[in-house]
Amino acid sequence: MPVISSNKPYRVGRSKTGLGLFATKPIKKGTRIIRYFGPILDTRIPEHDEIENKYLFELNGRWTIDGSVRKNLARYINHSCRPNAESDVRPRERKVYIRAIKNIEPGDEINYDYGTDYFKAYLKPIGCKCASCERKRKKLRAEARAERAKVKARAERKAQKAGAKVGAKKKLNGHANGKANGRARA
C-alpha cells in the first residue's frame, strides 16, 4: 500500500465492499478531493479497446482512462446510489477530478455514482452494496417477514375457527337429530 502524506484529506481503508477511500479531515462541499488518473487509452486502437478491468473510466466515446495503476488512489472510491462526491469529467483536458457534493466528515467513506452502464454490467448481477441499498433491502426484508407473520397468524386463526365449528357440529349431530345409539327414534 502506498504511503500517503498526512496533508491529504483521505486515506485508503477497509470498507464493506473491500477497500475504500475515507476522509481524514473535514471536506467541504464543492472541494476537489482527488484526481482519477492513469494511461489514456484510445478506443480506435484494437489493443486498447480489448483491455478489460474494473478501473476503466470513460471520458467520451474515444478516450478512456485506465485507472488500474497503483498510484491512482481514486480507484479505491466505491459506488453509492446516494453519493457524497461526483466525478468532474474534462474530456478535452483528458482529466477526471472527484469533487465533494456534500460536506464530508472525518471517517466517512468517499463515494460517487458509477453510472448506469457500469452499474448494469458489474453491480446489478451481484447486488449493490452501498449503504442506501443495504437499508432499502433491510426494510424490504422486515416488511416481508411481517407479511409472512400476518399470513401465518391468519391461517392459524382460520384453522382454530374451523376446528371450533367441527367440534360444535359433532355435538349437535349427536343430540339434536334425535338419534340414539345410531338409530332414529320412532
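Which backbone oxygen lies 2.9 Å from a polar atom of the side chain of Asn84? The backbone oxygen is that of Glu109, and the pair is a polar contact (N or O atoms within 3.5 Å; within protein, one must be able to donate a hydrogen and the other to accept it, and residues adjacent in sequence count only if both atoms are side-chain atoms). This is a predicted model, in which local features need pLDDT of at least 70, side-chain atom pairs count only at pLDDT 80 or more, and totals for chains, interfaces and linings use all residues. Residues are numbered from 1 along each chain as its sequence is written, and side-chain values use heavy atoms, with hydrogens and water left out.

- Four strands form an open sheet in the order 1-2-10-7, with mixed pairing; strands (E, at least two residues) are DSSP runs, numbered from the N terminus.
- Strand 1 (10-15) and strand 7 (78-79) each have a single partner strand, so one side of each has no neighbour in the sheet.
- Two strands pair if DSSP finds at least two bridges between them.
- Strand 2 (residues 18-23) runs antiparallel to strand 10 (residues 109-112), with two bridges between them.
- Phe22 has Glu109 in strand 10 as its bridge partner.
- Strand 7 pairs with strand 10 in the parallel sense, also over two bridges.
- Asn111 in strand 10 stands opposite Asn78.
- Strands of a sheet pair through backbone hydrogen bonds, either parallel or antiparallel.

**Asn84**

- Asn84 sits in the loop between strand 7 and strand 8 (85-90).
- With a relative accessible area of 10%, Asn84 is buried; buried means under 20%, exposed over 50%, and partly exposed in between (1.4 Å probe, protein chains only).
- Leaving out residues up to four places away in sequence, Asn84 touches Ala100, Ile101, Lys102, Ile104, Glu109, Ile110 and Asn111, where contact means heavy atoms within 4.5 Å.

**Cysteines**

- The whole structure contains zero disulfides, a disulfide being a pair of cysteine sulfur atoms within 2.5 Å.
- For Cys81, the closest cysteine sulfur is that of Cys133 at 3.5 Å, which is too far for a bond.
- Seen from Cys133, the closest cysteine sulfur is in Cys81.
- Cys81 is partly exposed at 36% relative accessibility, whereas Cys133 is buried at 11%.
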